[in-house]
Amino acid sequence: MIRAVIVDEIDDHLATPGAVEIREPETDSEKLVGFAFVCPCGCGREGYVPIDTFTSGPRWDWDGNREQPSLTPSVLFRGGCQWHGFLTNGEWRTC
Ligand SMILES: [Zn+2]
């Protein structure tokens, strides 16, 4: 289990496995919400999970908790390490 450290700028935390930047719209015209994160496995790659009800395609549900977020369904890191697991209550758990 890896704790998801919530950070302001993911690019400053690429050495922190499981770090999460919650990207929320700054204006009403911007609808895209998403989670940028550093792969929990330690490979150092950055991933992105869109949470957006306004476009089609893959997206995830977020419970709205900023300190200990949960995402559903599971997250698969395509390419590279192929990490697969869940972010639940602010903790990454490998499947
Ligand atoms: Zn990885």
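Arg3 stands opposite Glu91 in strand 9, in a model that is predicted: local features need pLDDT of at least 70 and side-chain atom pairs count only at pLDDT 80 or more, while totals for chains, interfaces and linings use all residues. Residues are numbered from 1 along each chain as its sequence is written. Strands here are DSSP runs (E, at least two residues), numbered from the N terminus, and two strands pair if DSSP finds at least two bridges between them.

Strand 9 (residues 91-94) runs antiparallel to strand 1 (residues 2-3), and two bridges join them. Strand 9 is also joined to strand 8 (residues 84-88), again antiparallel, by four bridges. In this second pairing, Leu87 stands opposite Trp92. The hairpin of strands 8 and 9 has two residues between the strands, and Asn89 takes a positive phi near 50 degrees there.

Turning to the interior, a nonpolar core is a set of buried Ala, Val, Leu, Ile, Met, Phe, Trp, Tyr and Cys residues joined through C-beta atoms within 7 Å; buried means that 20 or more other C-beta atoms lie within 10 Å of a residue's own, with C-beta atoms placed from the backbone. The largest such core holds 13 residues, of which Ala19, Val20, Phe37, Val38 and Leu87 touch the most other members. Strand 3 (residues 33-38) gives the most to this core, with three residues.

How confident is the prediction, by mean pLDDT? On this score, the predictor's confidence in each residue from 0 to 100, the protein chain has a mean of 90, and 89% of its residues reach 70 or more. Among its elements, strand 8 has the highest mean pLDDT (98) and strand 5 (residues 61-62) the lowest (90).

How values were computed. A residue is buried if 20 or more other C-beta atoms lie within 10 Å of its own, exposed if 12 or fewer, and partly exposed in between; C-beta atoms are placed from the backbone.
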